[in-house]
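This report describes a structure with its ligand shells, its core and its backbone geometry. Please read it alongside the sequence and coordinates.

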Amino acid sequence: MKILDSATHYGKATKILHWIRLLFLVWLLILVKTSYINLHKAFGIIFFVFVVGTIVWRIINVNPKTVKTNVVERNIQVLIYFLMYFLLFFMPIVGYLSSFKAINFGFFILPSIYELQWVDPFFNNVLFIDKYTFRYLMQLIHTDIMVISLYLLVGIHVLAVVFNHFVRKNGNIKHMM
Ligand code: HEM
Ligand code: HEM
């Protein structure tokens, strides 16, 4: 099997990255729901590095067209993939900006930006918003807008895969196996 993607097939690397991405998201959700917030943050940052890697991988590869679809459907598919990558990129950044506490990785500690000295004057004199309001907004965006958007996009994505598998029976799921 090929490592790189081709015009009609995903390569080995994309398939592995796809399922690791799913595992990461489930893990992040488990951590936050069981209140391991520091671990959620630490794995969220590690996930960010992973996501950047997968975006680079998607850019240097072709975006395969695995099944025959019409132009509208294809464009919706590409748009949904784009939005998923977009969200996965910005979610950890906004999450980080919503954290007042330093993040403990065990072997090192990542400070919160709010602990840095230049932050207060920057917020007050450049952004004209105090850091408490800013942090509150970031948290709202992270835990509500972005989480809901991600659930929606993944929901549509999985429904599309299920529809292709059971109704159209075009063997779509095998393209990611
Ligand atoms: C793509 C990566 C991430 C995903 C998918 C994600 C997802 C989530 C989800 C599903 C929640 C629960 C929202 C709810 O309560 O309904 C949450 C909460 C939260 N996340 Fe993330 N997160 C990510 C990265 C991060 C990062 C990197 C940080 C901080 C450095 C962070 C900080 C937080 C905080 C502070 C909360 C609120 C926790 C609480 O309820 O007290 N997240 N995130
Ligand atoms: C049970 C869950 C999932 C199933 C069964 C599934 C299945 C698939 C399948 C069959 C494809 C190939 C479709 C095609 O022919 O183009 C695909 C592609 C893709 N999926 Fe999923 N998926 C799941 C979860 C997720 C999640 C959680 C994400 C990210 C938030 C995601 C993001 C993507 C992306 C971006 C692609 C395009 C290929 C790539 O760039 O990796 N999927 N998925």
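## Conventions

This is a predicted model, in which local features need pLDDT of at least 70 and side-chain atom pairs count only at pLDDT 80 or more, while totals for chains, interfaces and linings use all residues. Residues are numbered from 1 along each chain as its sequence is written, and chains are lettered from A and ligands numbered from 1 in the order in which they are written.

Helices are DSSP runs of H or I with at least four residues, numbered from the N terminus.

## Ligand shells

A residue belongs to a shell if its C-beta atom, placed from the backbone, lies within 6 Å of the ligand. Ligand 1 has 21 residues around it, and the nearest are Lys41, Gly44, Met91, Pro92 and Gly95. At least two residues each come from helix 1, helix 2 (37-60), helix 3 and helix 5, with helix 2 contributing the most, six residues. The shell around ligand 1 holds 13 nonpolar, seven polar and one charged residues. In this classification Ala, Val, Leu, Ile, Met, Phe, Trp, Tyr, Cys and Pro are nonpolar, Asp, Glu, Lys and Arg are charged, and the others, including Gly, are polar.

Ligand 2 is surrounded by 18 residues, of which His18, Thr66, Tyr81, His175 and Met176 are the closest. Helix 1 (12-33), helix 3 (71-97) and helix 5 (131-168) each supply at least two residues of this shell; the largest share, five residues, is from helix 1. By class there are ten nonpolar, six polar and two charged residues around ligand 2.

The 27 residues of helix 3 should span 39 Å at 1.5 Å a residue, which agrees with the 39 Å between its end C-alpha atoms. The expected span is 1.5 Å times one less than the number of residues. Leu88, Met91, Pro92 and Gly95 are the buried residues of helix 3, where buried means 20 or more other C-beta atoms within 10 Å, exposed 12 or fewer, and partly exposed in between.

The largest nonpolar core has six residues: Leu28, Phe43, Phe47, Val51, Leu88 and Met91. Such a core joins buried Ala, Val, Leu, Ile, Met, Phe, Trp, Tyr and Cys residues through C-beta atoms within 7 Å.

## Two loop residues

Ser35 lies in the loop between helix 1 and helix 2 and has a positive phi near 65°. Phe128, in the loop between helix 4 (119-127) and helix 5, has a positive phi of about 55°. Ser35 is exposed because 9 other C-beta atoms lie within 10 Å.
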